[in-house]
Amino acid sequence: MSLKVYLAGKLVDKDDAKISVYDHGLLYGDGVFEGMRIYGGRVFRLQEHLDRLWDSAKAICLTIPMTPEEMTAAVNETVAANKIQEGYIRLLVTRGAGSLGLDPNRTSNPQVVVIADRIQLYPQELYENGLHIITASTIRNHPAALSPRVKSLNYLNNILAKLEGLQAGCVEALMLNHKGEVAECTGDNIFLVRDGIVFTPPTDAGILEGITRQTVIELAEQSGRRVVQEAMTRHDVYIADECFLTGSAAEVIPVVKVDSRTIGDGKPGPVTKDLLDRFHRLTRQA
Ligand code: PXG
């Protein structure tokens, strides 16, 4: 059975899910999106993802042509139609088709697309042994140019950094902000552990406010750990006891080498393992 995609208000076969080449989502990357996980047939933190989607749309003056309640129904309908128990949702809203030229006022009909599919996970081996990453020379978008808090369809900034990672044999790459501080990775937020304290860059470091990041902060605090959101440098990463990344796709994944520096003893540390366990219990609970 072919996958069903939600497009223009109804479910259509994947092969028929097509959008105009005049859509400004394609012409200019003018639109917003969300990437969410399905666990046990349910969308994890759907409300938080929808809130972020609406915030992203507001920031670019894009009116989403449905209510959050209608969007919730569309997402749940798409998950159910595809009978997906464990998977991934890509939700996007484009500016819609218009004339050539940047002017968003000359577009109409923003398109809402919901794709529910299986998920391509990192190999299990990387969760057990940890990732090696490098720092990309491509800095994260300057917040005054395009705020990283907007999850926009224009992901070239991250893709350029991802390419640098791949060229160095790494599946993720660390991105610094315009001040040279640690921001985040290309599709994941970053955490450090030092002397039992959990550190992560604050929102004003110019990051996407990850929903997995927020979940992990809550799990760490619930387990009695201190979580500090403050600016950090690459030096802080190099001398950390532990490092891990969070994201809807990656969940919680240890990092054991950054720019050829071994983090801690080179193996996923106890705090990382504990948070990974807690995250699994939360997402796989009955
Ligand atoms: N930073 C960036 C730049 C991201 O794109 C995250 C952090 C983590 O945020 P969440 O809310 O997921 O914890 C992201 C998330 C994909 C894909 O298909 C991308 C993301 C998430 C899921 C899938 O490339 N990015």
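**The ligand and its surroundings**

In this predicted model, the ligand is surrounded by 20 residues, and the closest of them are Tyr88, Tyr155, Glu184, Thr212 and Ser248. The space that the ligand takes up is the largest pocket, and the residues of the shell around the ligand include at least three from each of domain 1 (4–117) and domain 2 (124–284).

Polar atoms and cover

- An oxygen atom of the ligand lies 2.4 Å from an N or O atom in the side chain of Tyr155, and an oxygen atom of the ligand is also found 2.6 Å from an N or O atom in the side chain of Ser248.
- For Lys151, the side chain has an N or O atom that is 3.0 Å from a nitrogen atom of the ligand.
- Of the 530 Å² of accessible area that the ligand has on its own, the protein covers 87%.

Make-up of the shell

- Two or more residues of the shell come from each of these elements: strand S5 (87–94), helix H6 (211–222) and strand S15 (242–247).
- Sorted by class, the shell around the ligand holds 9 polar residues, 6 charged residues and 5 nonpolar residues.

Methods: Residues are numbered from 1 along each chain as its sequence is written. This is a predicted model: local features need pLDDT of at least 70, side-chain atom pairs count only at pLDDT 80 or more; totals for chains, interfaces and linings use all residues. Side-chain values use heavy atoms; hydrogens and water are left out. A residue is near a molecule or strand if one of its heavy atoms lies within 4 Å of it. A polar contact is a pair of N or O atoms within 3.5 Å; within protein, one must be able to donate a hydrogen and the other to accept it, and residues adjacent in sequence count only if both atoms are side-chain atoms. Accessible areas come from the Shrake-Rupley method with a 1.4 Å probe; for residues, only the protein chains shown count as cover. On a 1 Å grid over the protein atoms alone, a cavity is a set of points where a 1.4 Å probe fits but cannot get out, and a pocket is an open set with protein on both sides within 12 Å along at least five of seven lines; lining residues have an atom within 4 Å of a point. A molecule sits in a cavity or pocket if more than half of its atoms lie within 2 Å of its grid points. Helices (H or I, at least four residues) and strands (E, at least two) are DSSP runs, numbered from the N terminus. Ala, Val, Leu, Ile, Met, Phe, Trp, Tyr, Cys and Pro count as nonpolar, Asp, Glu, Lys and Arg as charged, and the others, Gly among them, as polar. Domain bounds come from an automatic or database domain assignment.
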